[in-house]
Amino acid sequence: MISISGLLGQAFAILLALVLAPLLSGWVGQCRAWLQNRTAPPLLLPYYQLQKLFHKDVVLAHGASSLFRAAPFVVFGCMVLACAIIPSLSTDLPLAPAADAIALVGVFGLARVFISLAAMDVGTSFGSLGGRREMLIGFLAEPALLMVIFTLAMIAQSTSVATIVETLAHRELVIYPSLAFAGVAFTFVSFAENARVPVDNPATHLELTMIHEAMILEYSGRYLALLEWAASLKLYAYSCLGLALFFPWGIAPGDDLLALVAAIPLLVLKLAIGGALLAGIETINAKVRIFRAPEFLGTAFMLAVLGLLVRLLLESKV
Amino acid sequence: MDFFVLMLAIPLVSGALLTVFGECDWAPNLNIIASLGTFLAAAGLTAEIVANGPRFAFGEQFFIDSLNVFFVALTAFVGLTTSIFSGPYMRNEAEHGRLTKPRLRLYKSMYQLFMFAMLAALTTNNLGILWVAMEAATLTTVLLVSLYRTPASLEAAWKYFILCGVGIAQALFGTILLYFAAERVLGESGNALLWTHLIDVKGQLEPNIMALSFIFLLVGYGTKVGLAPLHNWLPDAHAEGPTPVSAVLSGLLLNVALYAILRCKVLADGAIPGDFAGKLMIGFGLFTLLVAAFFLSRQKDVKRMFAYSSIEHMGLITFAFGMGGPVANFAGLLHMTMHSLTKSAIFFAVGHATQKTGTQLMENIRGLIRINPLIGWGLMLGTLAILGMPPFGVFASEFMILTHAMKHYPWATPVLLLGLGVAFAAIFGKVQPMVFGETEAKRLPHAPAITPVFLHLGIVLMLGLYIPPYLTRWFHEAARMLG
Amino acid sequence: MSSAIPFSAQLINLFAAVILLLAFAMLAQRRVVALINLFAMQGLTLCLSTLVVAVSTGQSHLYYSAGLTLLLKVLLLPWILHRLVRKLNVKSEVEALINIPTTMLVGLVLVMIAFNVALPISELSHTITRGTLGIALAVVMLAFLMMITRQKAITQVVGFLSMENGLFLAATSATYGMPMVVELGIALDVLVGVIILGVFFFQIRDQFDSLDIHHMERLKDN
């Protein structure tokens, strides 16, 4: 049954994602600047940039095919869908049956494939380099993410994200040691997937090290705006997923409008803390060489498998 | 004064005294006197146990029965003779400039503490304390192995520490598992690690846990026994440490570690249906025997070679105890005694021989019989004894093990014979030219102590020809306890 | 989902899992100083888990045991090790014989083996924290792996001590502590062992001008 509050919650979640995502990116940037003793850029900088880019004309490369033009929309659509099925405010989401946790990983994968293909489409060396690196990271990060999800799915006996969060949020207080492993692994994966510091630097334009920036080098105007927006949506999606899985308190259960409203400030608060932590971690770590990235993600995969094992050993009789 | 308390107190106190006064002129004598005192106390204790039967000490923490009092007597005796031997040996080493006074002090105090640790390990009733004492015995000898501070000796000591440390950690895990099993039966009192309590309830201990526990204990203590493939530390430590240390390591420490396994085996046998523990020991024993025998022929260093011979004999003894039953246990105990006495005698002789010739390489040691007939004959007779030539006691015990194996485990006999045969060929072929042959070596500044060599060999010879009835009774009693 | 497991047991399980996590972190760690800090953290977690066991079972000797762990493994031993690193000028980079990702994979396999070995035993246990036995075994094996794959003497020692941590975890969580005499004895042995090793390091450095144990490969059978 689709309830009114469910529809409302769903709409809220999508709207909030679209609005809050650039803010989150801006907040992280601001925190980073503070921590590095720089003058912080304005909090709303990402919005100004989006506005500026939307008003600019698009310059396309000569060899660009229709794929190149379609990719930003596909990527943006994927990210909005992801944000829609991740229970950030409430677990009663009418769109949730559209994709379970495994399909969610697939949605992220789809976006990755399109952006990599588009990067190679024009045929510049940087684009293909970035695309290749992105695929390498994705190829290593996806299994780890899946393992994390399997661990959680075993706890909740379901692969639906909403059900998992529902189980975790509204249970009596039980400590799952496996969640500690899964949490660390998830953090690792999020850093790699969102092009954050130990793996990639979102602020860099240093040719040899960049991954994400290399792929979108050929884009301009509204396409670039969409891609930047999608990138911040991805960060938002991962943050919300992490918060929902490992700190699920305060997420509204089913049809409770009051709780839904109450969940909004709580989510903003959690995101603010999470963003500050992210900036902190980015500041105290140095970017590793690209060849170390497999090791980084291998560790994440291993931790996730360990979490699964610990789940089997310690909690199987729970 | 209680003999038992004396026996533990003398080495502990004299070890402490020697730490402080070890550089005085009378320190070597104190070392010998303390060892003599320990031996006399052990002899008194033995007489007491033989007369009155088993007893406890310090509440129930220590327990002496006919099995461990036998090891106690042997340990104290070899400890005494080794201290007599080490007097002139160490003085010669100091004279050669290989050792300084502080290191001699370290040697003496650690020697006494080592004796204390071994005696404590032998007499304790608490399997936890047994572990602690075994670890203490390792720690006291690590610095002794590296006494010369040469790169090779440091390497040997490092290997010894790490391998035995890891091994003994496995044994601790085994002990924890044992406690885990015992706690279910005996409750959470402090008694769950007391052997005398465990033996009463051994049938109720959970077989699965006990099986795992015994594997860990066997691997752990087996590292110290020198069971292959965990034997790597043993030849290095024996070859690079001072000879008296090699003698006590080979003659005593290996025995004590094997004793620890035996105590655990009794419990495992009671808990696990089928001869699980015995079969494991038979497997390890045979493998060790073969590995050691084939490594023997490749050795160039005389102390290394005899270290491998120790591994070989430990394999044989483990095999014997693995077969179980009164006869095999009797033979195993007898062989342990013979091996201790003979091997330490050989190391004494080898120590003097290497001091005279200034090398441990066998190809450079020649004509011992000319340099010093007593050392030459001592080494020759000792070698013949350890190889199991008839009049000596080793022959008697090896013969018993072989015949018992033929009867109950016929498939093992060819393996045993192969191992013993290869070892014989290897050792005899190398010792023969060392003893007979041409040489030009100088005299030593301090006359060597030959008495311990012939004292040991004399006892081995006597036991080969005639075992006194009270000794037989005693061995039988101990063998029966092992089941 | 039931609350059959009391809260204290859940805490102990959590601590055990953290100890395992730290064991892996030690395996992946490339810097000696950070390695020692990780070891201290492992000791602290062990101490906390012992405390929880003590509170929940009311066994007074476990308080001493926790205190002993705190004193020895969190304060004294790391301090000694840090001192040694400074005095001996140990290079900060840990050199591994096998590259670290491979080591981690081997470690993962070891954990699976350990869990499998411990599973039948855990099922027999009546203590609420039976699962920790498998974790303890895994920690012991990981420490063992660290000892064989590292080249520096000091990392081997940290591995050895971490192994001791795993054993203590087994003793305190799975069996609610060994008798006090035994624990005291073990602690004494560990302390004496580390002191002897400290002496030993200086001897090794004097002889080899390095604490790298690949210099020590002369003794071989040939």
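This note sets out points on the chains, helix packing and selected residues of a predicted model.

1. Chain contacts. Two pairs of chains touch, and the pair formed by chains B and C has the most contacts. Chain A and chain B, by comparison, are joined by no contact, and their closest C-alpha atoms are 17 Å apart.

2. The contact of chain B with chain C. Each partner is represented here: 38 residues come from chain B and 38 residues from chain C. On the side of chain B that touches chain C, the elements giving two or more residues are helix 5 (127-145), helix 6 (151-186) and helix 8 (207-225) of chain B. Helix 6 of chain B contributes the most to that side, namely 17 residues. Sorted by class, this side of chain B comprises 23 nonpolar, six polar and nine charged residues.

3. C:Leu167 belongs to helix 6 (residues 153-174) of chain C. This residue counts as buried because it has 23 C-beta neighbours inside 10 Å, the threshold being 20 or more. Apart from neighbours within four places in sequence, the contacts of C:Leu167 are B:Ala169, B:Leu172, B:Phe173, B:Ile176 and C:Val140. C:Leu75 lies 92 residues from C:Leu167 along the chain, and the C-alpha atoms of the two are separated by 19 Å.

4. Chain C as a whole. Chain C contains seven helices and zero strands, giving the pattern α-α-α-α-α-α-α along the sequence. Of its 222 residues, 56% are buried. When contacts in chain C between residues at least 6 apart in sequence are considered, 76% join residues at least 24 apart.

5. A helix pair in chain C. The axes of helix 2 (residues 32-57) and helix 3 (residues 61-88) of chain C come within 8 Å and cross at roughly 175 degrees. Helix 2 of chain C is therefore roughly antiparallel to helix 3 of chain C, since the angle is over 145 degrees. The residues of this contact are divided into 19 nonpolar, five polar and one charged.

6. A helix pair in chain A. In chain A, the axes of helix 3 (residues 66-85) and helix 4 (residues 101-121) come within 9 Å, with a crossing of roughly 160 degrees. It follows that helix 3 of chain A is roughly antiparallel to helix 4 of chain A. The crossing of helix 3 of chain A past helix 4 of chain A is left-handed. Among the residues making the contact are A:Phe68, A:Val75 and A:Met79 of helix 3 of chain A, and A:Phe108, A:Phe114 and A:Asp121 of helix 4 of chain A. By class, the contact of these two helices has 19 nonpolar, no polar and one charged residues.

7. Helix 6 of chain A. The buried residues of helix 6 (residues 161-169) of chain A are A:Val161, A:Ala162, A:Ile164, A:Val165, A:Glu166 and A:Leu168. These buried residues pack against helix 3, helix 4, helix 5 (125-156) and helix 9 (221-246) of chain A.

8. A residue of helix 9 of chain A. A:Tyr223 is located in helix 9 of chain A. With 25 C-beta neighbours inside 10 Å, A:Tyr223 counts as buried. Neighbours within four places in sequence aside, A:Tyr223 is in contact with A:Val58 and A:Pro72. The C-alpha atoms of A:Tyr223 and A:Asp57 are separated by 9.8 Å, although the two residues are 166 residues apart along the chain.

9. A residue of helix 11 of chain A. A:Leu297 has its place in helix 11 (residues 293-315) of chain A. A:Leu297 counts as buried because it has 28 C-beta neighbours inside 10 Å. Beyond neighbours within four places in sequence, A:Leu297 is in contact with A:Leu140, A:Ala141, A:Ala144, A:Phe188 and A:Ala192. A:Ala192 is 105 residues away from A:Leu297 along the chain, yet their C-alpha atoms are separated by 7.7 Å.

10. The nonpolar core. The largest nonpolar core has 378 residues, and A:Ala185 and A:Ala304 have the most contacts inside it. Helix 6 of chain B supplies the largest share of this core, with 23 residues. Leaving aside neighbours within four places in sequence, A:Ala304 is in contact with A:Ala144, A:Met147, A:Val148, A:Thr151, A:Phe181, A:Ala182 and A:Ala185.

Terms used
Residues are numbered from 1 along each chain as its sequence is written. Chains are lettered from A and ligands numbered from 1 in the order in which they are written. This is a predicted model: local features need pLDDT of at least 70, side-chain atom pairs count only at pLDDT 80 or more; totals for chains, interfaces and linings use all residues. Two residues are in contact if their C-beta atoms, placed from the backbone, lie within 7 Å. Helices (H or I, at least four residues) and strands (E, at least two) are DSSP runs, numbered from the N terminus. Ala, Val, Leu, Ile, Met, Phe, Trp, Tyr, Cys and Pro count as nonpolar, Asp, Glu, Lys and Arg as charged, and the others, Gly among them, as polar. A residue is buried if 20 or more other C-beta atoms lie within 10 Å of its own, exposed if 12 or fewer, and partly exposed in between; C-beta atoms are placed from the backbone. A nonpolar core is a set of buried Ala, Val, Leu, Ile, Met, Phe, Trp, Tyr and Cys residues joined through C-beta atoms within 7 Å. Axes are lines fitted to C-alpha atoms, for helices over the stretch in contact, and angles run from 0 to 180 degrees between N-to-C directions. Angles under 35 degrees count as roughly parallel, over 145 as roughly antiparallel, 65 to 115 as roughly perpendicular and the rest as oblique. A crossing is left-handed if the near helix is turned anticlockwise from the far one by less than a right angle, and right-handed if clockwise.
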